[in-house]
Amino acid sequence: MPRARDVVPRGALRALVLAVLEEADLHGYAIGRKLEERARGTLRIREGSLYPALHELELEGAVEATWKRAPDGRRRRVYSLTRAGRRSAKGARAEWLAVADMLQALLAVGERR
Amino acid sequence: MVVMRDELERFVTSLSIPADRKAIVLDELADHVACAREAAVRDGLDPDAAGRAALGDLAALRRSLEALEPAFTITRRNAFVRGIVASLLVAFVIDRIGFVMLGVVGAIAAFAIAAAFAPPRVLELLRADLRAPPIRGRFHRGVPIGPAIVYGYTVMSGPFLVWIGLIVYRALHGFYLADVPNSAFALMAAVLGVLAVEMIRARRKAVA
């Protein structure tokens, strides 16, 4: 299994969080685990960057947070996308996929030489 | 779990962020740790170790939260007061040194004052305003006016109101020469430039 990366570029983390929230409203821990599951062990989401990214998206109006109760009664902050957030999610996905394509093309050329 | 909660409380209490945000951060991190512990129990691992590991690098978390959280408490009124104070200082400084080096010194001073008094994370606040769904006003639909827009317009237009007042005051005292230095327009151009760029970016994202 490849080594897990724990540094995700800031913009990329925002795009990943938005993509996960497009599918369902989730709390912070669940967002992190969902991303790690999708990455199949190649990614480790650091809490030090996840919560600031979520709060930044909240500040920008891309996500909104509501308090719910966990099964044991503790307070849980659940995030969901706003209308502006859905637009941001689409834009961020297109932007990062384009970057990935470009890097793939550029780096593959270097590898062939 | 009690020990962990105490550690969390100590950490959050020591953060330099607004008190109401501390409560939110504490509950959110406590839930995060509890989730990590529950997952560890399910997987047959040590819940205490999992709880501690879940907190990760507290120094990095502190840096990020302290830079971000104060922006949540910025209201339009707060932004307006900041804008008034900044614009009075800009007006005074440019009135005194606006002509030095063809206005370059005055322009730099105006930018520095506007930046120093700007609400924390003002660009994020501006993007939030511009990307929010338009609201229906009396005459047309438009973006909601949030703290960043309030600050921008106040700091940009405030100095001109002061200068108009000064021109009138000086005219009443027999001084009729009114020269406005180029630097007086630098801040206005910068604020309008930032607004234009962010509006275009917001539109592009909306189209995408």
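Okay, let's start with one pair: Glu38(B) and Arg74(A) form a salt bridge, with their closest N and O atoms 2.9 Å apart. By salt bridge I mean a side-chain nitrogen of Lys or Arg within 4 Å of a carboxyl oxygen of Asp or Glu.

Quick housekeeping. This is a predicted model, so local features need pLDDT of at least 70 and side-chain atom pairs count only at pLDDT 80 or more, while totals for chains, interfaces and linings use all residues. Residues are numbered from 1 along each chain as its sequence is written, chains are lettered from A and ligands numbered from 1 in the order in which they are written, and side-chain values use heavy atoms, with hydrogens and water left out.

Back to the two chains. How many salt bridges are there between chain A and chain B? Five. Over all chains, the structure holds 21. Chain A and chain B also have nine residue pairs in polar contact, both at pLDDT 80 or more. A polar contact is a pair of N or O atoms within 3.5 Å; within protein, one must be able to donate a hydrogen and the other to accept it, and residues adjacent in sequence count only if both atoms are side-chain atoms.

Which elements of chain A give two or more residues to the side that touches chain B? They are α3 (47–59), β3 (75–81) and α4 (83–112). Helices here are DSSP runs (H or I, at least four residues), and so are strands (E, at least two), numbered from the N terminus. The largest share, eight residues, comes from α3(A).

Contact, by the way, means heavy atoms within 4.5 Å. On that basis chain A puts in 28 residues and chain B 36. The buried area is about 2,800 Å², with carbon and sulfur atoms giving 57%. That's the accessible area (1.4 Å probe) that two parts lose on being put together, summed over both. Tyr29(A), Leu59(A) and Glu60(A) supply 25% of what chain A buries against chain B, more than any other three residues.

Glu60(A) turns up again in a salt bridge with Arg14(A), at 2.9 Å from N to O. This one links distant parts of the chain: Glu60(A) sits in the loop between α3 and β2 (63–69), Arg14(A) in helix α1 (residues 10–23), and they are 46 residues apart.

That's my tour; thanks, everyone.
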